Structure formats: C-alpha cells, structure tokens
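Try each task yourself before you read its solution.

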Amino acid sequence: MNTIKNILAIAVLAVIAISCSDEFLDKAPLDSINTDNYYQTEEDAINAVNGAYQPLQWPKLYNMRMWTTDIMAGNSIVGAGGGDDGRETQDMANFVTTTDNPGVLDLFRGPWPGILRSNIVLEKIPSMDIDESLKNRILGEAHFLRAHYYFILVRFFGDVPLITEPQVPGDDLRPARTDKSLVYDLIIDDLTTAKDLLPTKSSYSSNDLGRATKGAATGLLAKVYLTLGEWENVVSLSNEVTALGYRLNENYADNFDVYNKNSIESLFEVQYTGDAGEDFWSNENQASWLSTFQGPRNSGMVAGGWGWNQPTQEFINAYEENDLRKDATVFYEDCPNFDGQKYNPTYSITGFNLRKFLVTKAISATYDNSPMNFPVLRYADVLLMKSEALNELNRTSEAEAPLNEVRERAGLEAVGGKSQSEMKEIILNERRLELAFEGQRWFDLIRVDNGQWGLDFLHSIGKVNATEKHFLFPIPLKEIESNPNLTQNPGY
C-alpha cells in the first residue's frame, strides 16, 4: 500500500499530498521539501497525483456541499437542529442567497486546490524518466481531475478564471473570469485526453481501486455533453462505457454498501476510510460525513445522527408503488428496520429521513469514522443519460431499453409506447429517484429546457423565490474583494 509522506511546494504555494488509503487516499505525516529534489522517482509521481484527489474529499465539495444541493433542488429540507443550524444551506434552498453565503464560498474555493495540484502534475511529470505506462496513467488522472474540478465550478458559477499552469511569483494572481465556453473546451479536451491515457478499471490492482479510469473519463465526458445538449455524443460515449464492461449491481442498495465499494456499477467514487485519526472538521479528515450528518437526529440509530437532508412528502410521493429503491433510500413510518431498530417518524420534521448512506455502529462506532464512499458517477446514470439523449433525438422507442434496464432493477414495469414529451418526463423522474441525494438533481433542474423546466418544478413546490438568476451562484464577496478583476453574476 503506497503512502504519501511529503508536501509538494511550488514557490509560495504549498501542495499537500496524501497517501493511498484502504485503496490509495490515507492521510500520512506531512513535511516540507524542496521541489528541486522532487519529481525524481515513480513514488514521487504517484504521490503528486494522489494529492490532486484530496480536495474532492473535503467538506467544501463531496463531504458536504455537493450533497446539500439536493436540499436546494427540493428533494429535502435541511432538518438538522432547527433554528440557525445550516442557515447558509437554508438560504440557498430558499433562494435568498447573498454574496457572503458561506456555502457558496465553500463551493467556489473547493475546486481550486485540486486544479493547482493537477496543473503541477501536468507540468512536472512529462519530463520525468519513469515507466511510460505509469506516466501516461498519472497524466490521465490529472487531466480527469482538472476537468472534474472545472466542471463543478462552471456549472455553479458560469464564467470562471481558466488557469492551466501552476502560478509562480511574477504571474498575474488576480485573473479575470473566462467565458464558460472556453472552460467547457478545456474540460472536453482534458476528458478526451484522459480517456485515451487512462487504463480500464479491471487493470487496476485492489490497492489502486478508486483511481480515475477510462470508464470514469468516458462517463464524465458523456455528462458534460448531456449538460451541453450534444445528444449524439452522449449516446456514443454511453455505448463506449457499456463496452468497457460496466453493469448494474443486482441490488440497488449494493451501491451504498461499505463492503461493496467501487463495484461493477461504479465509474467513480470519492474515497473515504474509517479510523482516520484526524480532526473531523479539517480538510485532512479522511472519514465520511454522510452517515453522521444524515442519520435520524436523537435516534441512536447511527453514530452521530444530526438529521440533515430530511426528504419531503412531495419527494416520497414521487415513488411508484413497489419501487424497491424507496426502502434503500429513505426512512418512513413502518419501513423496514435499520440494524434491528424501528424508525420513528418523530425523528424528523417531515416524518422522513435518509437511509441511503448510513452505516451501522458495528462499522462506525463513533461519529468521526465512517468509511462510506460518495458515488459521483454510476452506470445507472449512464443508462439514463443515454435514454434521455435518444429521446431528444426523436428515437423514443430506442430510449426505452436503457430506461427499462434501470426500472427493472427497481422492480417496476417496463415503459413503452409513450410520446416523446411523456417519455421525457418519465426519464427525468427516473433520474430523480435513481440518483436521489447523490448531488445530481440540481444540475438536472438547471440544464433541462435552459432551466425553465427546473423553475416550473421549483415554483410548483412553493419555492417561488427561484428565478433565472439562481441558475448560477454569486461570486463570493470575499473573492471579489481580494481580486477586483472578478465580476459579479447578474442579479447579485
């Protein structure tokens, strides 16, 4: 098991590298080094790219802010402890977000360390005298990660600074925003390069499971083209993913089982490990926040249990009768027991809680040691992307097969003989339920029909404050104060 033990320093900028956990992301002691003596060995190269993964794990991204977007998207409410607990998320979900919102600041700042670390890898590794196949893999990982970070930024903020090289003294450290079309050009170029350089998932050893793969790059590129409405590319890339051997897990709940990480359905997951031994609130923490935050409050069902992301009645009503995903996703009155304990709807403001990411106390005895990974991209998502794209191409009858593959696992009847408009609504509802609380719903709301579909939905559930300006977050005031070359998004 490889372990990173160094900080990578570039001029006045420090890059913190971490190790390979259960797979490859464990925290290790950190000490400063001179980069003149670094980038000499294969271990140096691996350590450098490992560090580029770490910001994905932070609360600014997948350990909190990404999954709270389902609250904004209307699947749930904050819940938590009431009052001002999660105030920044409540404001985002009520569409009264201001430029000093801490959650927005987290989402803006979260990707930049990963972009910096990816840029360092892409600058330093090509000249290294190391095994060529390993070099290509590392470069592919860095291209994938940089694209991933920029894809987060561009969807939340639109135009953002486009930085493709490590910044050094003498560089302009107050970059202006770049037109989002150019940001998307970089994302597409990075992912195209990554899918050519990266190995298949099956070629990785068990210690390296969780790294970016050819399938991850191909699937994420399909997601980018879905966002841009380039339907032919979505279909083609989805077929490439299928050809790589990805399949649905037999049981939907297996996607959220700590003993089934990086399964045959998983294209990419953010890796976490228990027994992290670090401050739970710090960036260096390696344990997942999911079970701790989302477990029913005051229930004793899991370690922690702070009651976040409480599903709404409207969301519960979206399930068809006998949908097997319901029992794997949410707690409701008279639902199956969890770890031998009966659920009480009084644990929640809405009468419902999340079940999807919870781990038992036998697995995580304390609040700060859950090893639950976060699913970023699953094969079910790819199938639904393909179905949506085929339907948009007026190939509605062909769109039935990938849709029904997902529905069959959920225990639902096959869909057939629908009009294009009917099929569109069915597919989008399927995406809502299949990918619930995985941080996907908000992006669907703002992309379909240029966001009008999302506005219509939000208004229908009483979120009347939502307007077109909310498709993008404000550029945080703190960032504009430190960099006057940044302009504000319209309406803020």
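**Exercise 1. Describe how helix α14 packs against helix α15: what is the crossing angle, and which residues make the contact?**

Solution. Keep in mind that this is a predicted model.

Step 1: Locate the helices. Helix α14 covers residues 396-409 and helix α15 covers residues 420-434.

Step 2: Compare their axes, which come within 11 Å and cross at roughly 25°. Angles under 35 degrees count as roughly parallel, so α14 is roughly parallel to α15.

Step 3: Find the handedness. The crossing of α14 past α15 is left-handed.

Step 4: List the residues in contact. From α14 come Thr396, Ala399, Glu400, Leu403, Val406, Arg407 and Arg409. From α15 come Gln420, Met423, Ile426, Ile427, Glu430 and Glu434.

Step 5: The contact of α14 with α15 has six nonpolar, two polar and five charged residues.

**Exercise 2. Repeat the analysis for α1 and α6: at what angle do their axes cross?**

Solution. Step 1: Helix α1 spans residues 42-53, and helix α6 spans residues 132-157. Their axes come within 10 Å and cross at roughly 15°.

Step 1: By the cut-off of 35 degrees, α1 is therefore roughly parallel to α6. The α1 and α6 crossing is left-handed.

Step 2: On the α1 side, the contact is formed by Glu42, Ala45, Ile46, Val49, Ala52 and Tyr53. On the α6 side, Leu134, Arg137, Ile138, Glu141, Ala142, Leu145 and Tyr149 take part.

Step 3: The residues of the contact of α1 with α6 divide into ten nonpolar, no polar and three charged.

**Exercise 3. Why can helix α4 be called largely enclosed, and what covers its buried residues?**

Solution. Step 1: Count the buried residues. Helix α4 runs over residues 102-109, and six of its eight residues are buried, so the rest of the structure largely encloses it.

Step 1: Name them. Gly103, Val104, Leu105, Asp106, Leu107 and Phe108 are the buried residues of α4.

Step 2: Look for the cover. It includes α2 (65-72), α3 (87-93), α5 (112-124), α6 and α18 (477-482).

Step 3: Check the N-terminal end of α4. Asparagine 101 caps it, with a side-chain oxygen 2.8 Å from the backbone nitrogen of glycine 103.

**Exercise 4. Which phi values do phenylalanine 95 and asparagine 262 have, and is each residue buried or exposed?**

Solution. Step 1: Take phenylalanine 95, in the loop between α3 and α4. Its phi is near 60°, a positive value in a residue other than glycine.

Step 1: The relative accessible area of phenylalanine 95 is 5%. Buried means under 20%, so phenylalanine 95 is buried.

Step 2: Turn to asparagine 262, in the loop between α9 (231-243) and β4 (266-270). Phi of asparagine 262 is also positive, near 55°. With 9% relative accessibility, asparagine 262 counts as buried.

**Exercise 5. Is arginine 247 buried or partly exposed, and what does it contact?**

Solution. Step 1: Arginine 247 sits in the loop between α9 and β4. Its relative accessible area is 41%, so it is partly exposed.

Step 1: From arginine 247 to alanine 380 the C-alpha distance is 8.2 Å, although 133 residues separate them in sequence.

Step 2: Beyond neighbours within four places in sequence, arginine 247 is in contact with Thr242, Ile264, Glu265 and Tyr379. For threonine 242, the backbone oxygen lies 3.4 Å from a polar atom of the arginine 247 side chain.

Conventions:
Residues numbered from 1 in each chain as written. Predicted model: local features only at pLDDT ≥ 70, side-chain atom pairs only at ≥ 80, totals over all residues. Heavy atoms only, no water. Axes fitted to C-alpha atoms, helices over the stretch in contact; angles between N-to-C directions. Helix = DSSP H or I, 4+ residues; strand = E, 2+ residues; numbered from the N terminus. Parallel < 35°, antiparallel > 145°, perpendicular 65-115°, else oblique. Left-handed = near helix turned anticlockwise from the far one by under 90°. Contact = heavy atoms within 4.5 Å. Nonpolar A, V, L, I, M, F, W, Y, C, P; charged D, E, K, R; others polar. Buried < 20%, exposed > 50% of the residue type's maximum accessible area, 1.4 Å probe, protein only. Polar contact = N/O pair within 3.5 Å; in protein donor to acceptor, adjacent residues only side chain to side chain.
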